[in-house]
Amino acid sequence: NKIPSEQDFASALSDKSMLLYFGHGSGNQYIRNRTIKKLDKCAEVVWLMGCSSGRVTEHGDYEPTSVPLSYLVAGRRIEHTDTTEDESKYRNDNREGLCMSVVATLWDVTDKDIDRFAVEVGEHWGLWCSAPVPSPRELAPPKTPRKRGRSVPKTPSKTPSRTPGGRSRSRLVMRDEEVTRTKSLSEAVMLGRDACNLRYLNGAATVVYGIPVYLGV
């Protein structure tokens with residue numbers, strides 16, 4: 001319930017394994033690229049659900065910049081001195097404390113479509129599941145009541161009312177840790193694009209920087 005300071009944002013990245021940002025842009029108005037790059041420890045997965053959060057800016061002959069690339073170079077490799085020689089043969093790179101995957105948008109998107117997309121990605125990835133559909137009494141009344149004698153055309157829905165697994169989309173609850181998660185974040189993003197009404201505008205805007213990441217593995 002407050003605007004985060006740069007230290008608040010940096011602490012969230014350092015203390016948590018995942019950060020979900022839903023707001024304007026890439027959150028760069030709260031934390032600068034150079035601050036992200038200097039973090040000793042960074043969240044392994046970052047969602048930047050804002051307009052053009054993954055856009056790359058070119059600087060002529062100089063190296064291009066983007067917010068997701070700043071996350072991917074953040075953190076320092078943690079060396080384990082208590083490993084035996086046999087274990088070191090199978091562990092040549094410890095990714096603990098390093099950002100592995102960033103979900104971002106390449107251009108401007110609309111808020112409702114990107115919200116549908118995020119909900120669908122979280123379901124496919126296994127981060128949360130849908131709660132039962134609320135009754136009509138629990139739903140908030142419309143902001144503007146329909147005028148008498150005036151017909152308002154409805155936009156046809158391009159997404160089914162139920163997901164392929166038979167679960168309806170509604171309010172969310174966190175999944176239990178015992179649930180088996182098999183889809184990678186990259187695959188969940190691919191499947192989540194179908195939730196957008198403008199699939200080739202808003203759905204296609206979202207990409208994954210980094211490597212496929214699985215939950216609970």
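Predicted model: local features only at pLDDT ≥ 70, side-chain atom pairs only at ≥ 80, totals over all residues.
Close-up 1. Cys-42 counts as buried, because its relative accessibility is 1%. Cys-99 is also at 1% relative accessibility, so Cys-99 counts as buried too. A disulfide calls for two cysteine sulfur atoms within 2.5 Å. By this rule, the count for the model is 0 disulfides. Cys-42, with the sulfur of Cys-99 at 4.7 Å, is accordingly in no disulfide.

**Close-up 2. Ser-52 in a loop between two strands.** What is the phi of Ser-52? The value is near 55°, which is positive even though this residue is not glycine. For background, most residues other than glycine have a negative phi. Ser-52 counts as buried because its relative accessibility is 14%, and the cut-off for buried is under 20%.

**Close-up 3. Helix α5 crossing helix α6.** Here you can follow α5 (residues 111–125) and α6 (residues 185–192), whose axes come within 8 Å and cross at roughly 135°. The two helices are therefore oblique to each other, and α5 passes α6 in a right-handed crossing. Which residues of α5 meet α6? They are Phe-117, Glu-120, Val-121, His-124 and Trp-125, and their partners in α6 are Leu-185, Ala-188, Val-189, Leu-191 and Gly-192.

Note on methods. Residues numbered from 1 in each chain as written. Heavy atoms only, no water. Buried < 20%, exposed > 50% of the residue type's maximum accessible area, 1.4 Å probe, protein only. Helix = DSSP H or I, 4+ residues; strand = E, 2+ residues; numbered from the N terminus. Axes fitted to C-alpha atoms, helices over the stretch in contact; angles between N-to-C directions. Parallel < 35°, antiparallel > 145°, perpendicular 65-115°, else oblique. Left-handed = near helix turned anticlockwise from the far one by under 90°. Contact = heavy atoms within 4.5 Å.
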